[in-house]
Amino acid sequence: MEHITFNPQIELAFEYVTQTDKHIFLTGKAGTGKTTFLRRVVRETTKRTAVVAPTGVAAINAEGVTIHSLFQLPFGPLIPGQVRERMAQRRFSKKKIDLIKSLDLLIIDEISMVRADVLDGIDEVLRRYRSYSRPFGGLQLLMIGDLHQLPPVVKQNEWDLLRQHYRTPYFFGSLALEKTDAVTIQLQHIYRQADSQFIELLNQVRSNQLDQQVLATLNSRYRPNFVPEEDSGYITLTSHNAAAQKINNERLTALSGDLTVVSAAIDGDFPAHAYPTDPELHFKVGAQVMFVKNDASPDKRYYNGKIGRITKIRGEEIFVQCPGEEHHIAVLPTEWHNRKYTLDEKTKEVSEEIIGTFTQYPLRLAWAITIHKSQGLTFEQVIIDAQAAFAHGQVYVALSRCKTFEGIVLHTELIPSSVKTDRVVQSYTEQARRNEPDEDQLHRAKRDYQQDVLRRFFRFKPLQRAFERLYRSVLENENALQGSLVEDVKTLKTTTENLIMTVGEKFRPQLENYFRQEALPEANEALKDRLGKAGAYFQQHFEKTILPAANQLELLSDNQAVRKKVDEQLTELRKELFITQAGNQALVRGFESRAFNKTRVDAELDFRKSSASRAPRVSVPNSVEHPALFQKLAQWRAETADQEGVQRYVVAPTKTLLELISVLPTTGPSLKRVNGIGKGRADKYGAALLELISDYCTEHGLETDRVQFATGKAPKTSKPPKPDTKTVSLVMFESGQSPEEIATARELAPTTIQSHLAHFIRLGELDIFKLLDREKVEAGAAYFQDSKGQSLSEAKNHFGDQFSYGELRMILNYCLRGEEEEE
């Protein structure tokens, strides 16, 4: 089913996924191309994507990972109100957090098997690490599955707990999903069956419209004591695993000949619940088998669900002949991969890492399999024993596996109770069918999305945050920095605010005027012309002023920790400038939403790759008198440190290099006057330093031994910068102390500690729900959202003793953080 001709529902769904940020539930009857659509999205979208599924086998088949492994959800019911506490006990690595933050699209396959509380658990994790205020943290969901097939597994004791909070265990009962305007798209065209009467019959089973005539038609395929011919390729579908195993064991035992036992090779992390076939397989010549994997070779000799019979076993090869085919297929062991998603720290690209392999023949005995394991497969001929079906949708799954009605044989007659369709599912499906989106709704969704893309771009929030973090960092560590970085960052920040942020703020009202028009922004020629001019304006200032200044920022510090931290933030600023400039250039070329987004994603990858391949350069302070000499001294220091296996500041601190350039000593007495050159350094490095400086001064005709510029002081060990008082409070809180305990220990007022912690809530570095319960936060947030511009004093008067000033400040900062994330 990989090659699907034009299908309006599939194209509608694809446009929703790629050109909007709406959550989508893609459903459809068996054989309508849902799996093919998933693979197309993964292959063609420019959005950074992860694929998850509720079970290990489903995840392996979808080439994704399980929900629980990606989001580290606890097993068992996830009760609203208790999930946050349970999740707080689970530590996410920085790599996992960065991965979650980087995603643009989450695909959930087999969504019919996902419980509502599990979807809310996903929402909890995404809000925690992405955006508090937006359902699913602002991440777009694509949910794929058929509610009329396999339902979620919910034990009665679990449902007794969950029913107090949920109207249904199905995913659409999720409290988070109910707060969104998700769209449902139902695929209509069936590729598996071509017989219109059979398709209609399946539709009636699916929707529980079984009258006596439908039941009689189905039971016309009842064949008591039916025994298929040996080479006919019939497979029996049963509702229980024990029945399928019994049939396979009996048929295998009845065959003459030697038994061949093959064991899987399992390497790395590959849990037993995700095994795609049995780790130990028993075969004989003459055994009926089913392929459990698509052939990855260009020949495409077999597919998942293809039935055949073993004709020969020779060495490592098992030969299988399929009905109606002359040639035998030589089958060798193949690999399945267990994956996990990672975020490349250099490229920031979401990639799959193979953490385990399962190597086994892609075969299993196939006189019988369970209906559950048959989901997603297609057969030519089936024997169905489904009278004891215990789950909703099982009979429909079994019947819809077969290509033709004539290929079905019923082992037992069906009775009305055999066919179960959940009324809640039926009602939801009917409502979704009535509300299915059309082209007008797609147009509005695309327009809203394109407008939002432009609003976000011209707010320049990522660039602002990068400047704020870098500036705060250099201020906090000013004592450990040499050169003029603090002043240079401040100057560049002010320049960018004046030339870019302020102009962008003035431009946004013009955008809103254009947005009142019905046309899509990418189809509005007047708007595109205006965007092109805006892009040209910003591009010019970036090229002439901002980018050159950013590239000239020089970081000098002998403190390794400070240098690492500031360098990371300096790189982040340059990255955001690079991405923003790519956006400006895309606007000049003409705004088209997909091309615009792809340009910015590609720019981030290009920046990371170029940074990774760029050779490290020697940082030279902008104010240094002789840059070339500084480079020579810095190079000598680096080589000496490498030879001795020590840090560079051990050879000579940066302040000493700067004073050497000021003094230009060429004699021993002059050298010893330089701050940082004591007797030990003079004896060890003096000759090399004097030769290097003398050669440079002679070459350039410079005055030497300018001892008037020497400080004449012994080298001092620089004191570490005084720790930030707010950071101290945060560290104490994260170590387990309450705000009251911190206040007592630090001899500060409790409101002061709450103010410190509120600062980090605003930055998104502290979860407010670790301090206040949800009801209190929601009550305070509702007040601030409804009373824009109200002061804390007015809020305190409104709530009285219900809130302290410190609590109100935390909630206000939480709301402000949410608004920034929305922007």
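I count a charge as sitting over a ring if NZ of Lys or CZ of Arg is within 6 Å of the ring centre and within 35 degrees of the ring normal. On this basis I recorded that Lys776 lies over the face of Phe803, 5.4 Å from the ring centre. Lys312 is placed over the face of Phe319, at 4.8 Å from the ring centre.

I note that the model is predicted, that local features need pLDDT of at least 70 and side-chain atom pairs pLDDT 80 or more, and that totals for chains, interfaces and linings use all residues. Residues are numbered from 1 along each chain as its sequence is written, and side-chain values use heavy atoms, with hydrogens and water left out.

I next looked up ring pairs. Rings of Phe, Tyr and Trp (its six-membered ring) pair if their centres lie within 6.5 Å; planes under 30 degrees apart count as stacked, over 60 as edge-to-face and the rest as tilted. My search of the whole structure found 30 aromatic pairs. Phe171 and Tyr428 form an edge-to-face pair, 6.5 Å centre to centre with 80 degrees between the planes. Phe171 lies in the loop between α8 (156–162) and β6 (183–187) and Tyr428 in helix α14 (residues 423–434), so the pair ties together parts 257 residues apart in sequence. Helices (H or I, at least four residues) and strands (E, at least two) are DSSP runs, numbered from the N terminus. Phe171 and Tyr428 are both buried (under 20% relative accessible area, 1.4 Å probe, protein chains only).

Methods. Buried < 20%, exposed > 50% of the residue type's maximum accessible area, 1.4 Å probe, protein only.
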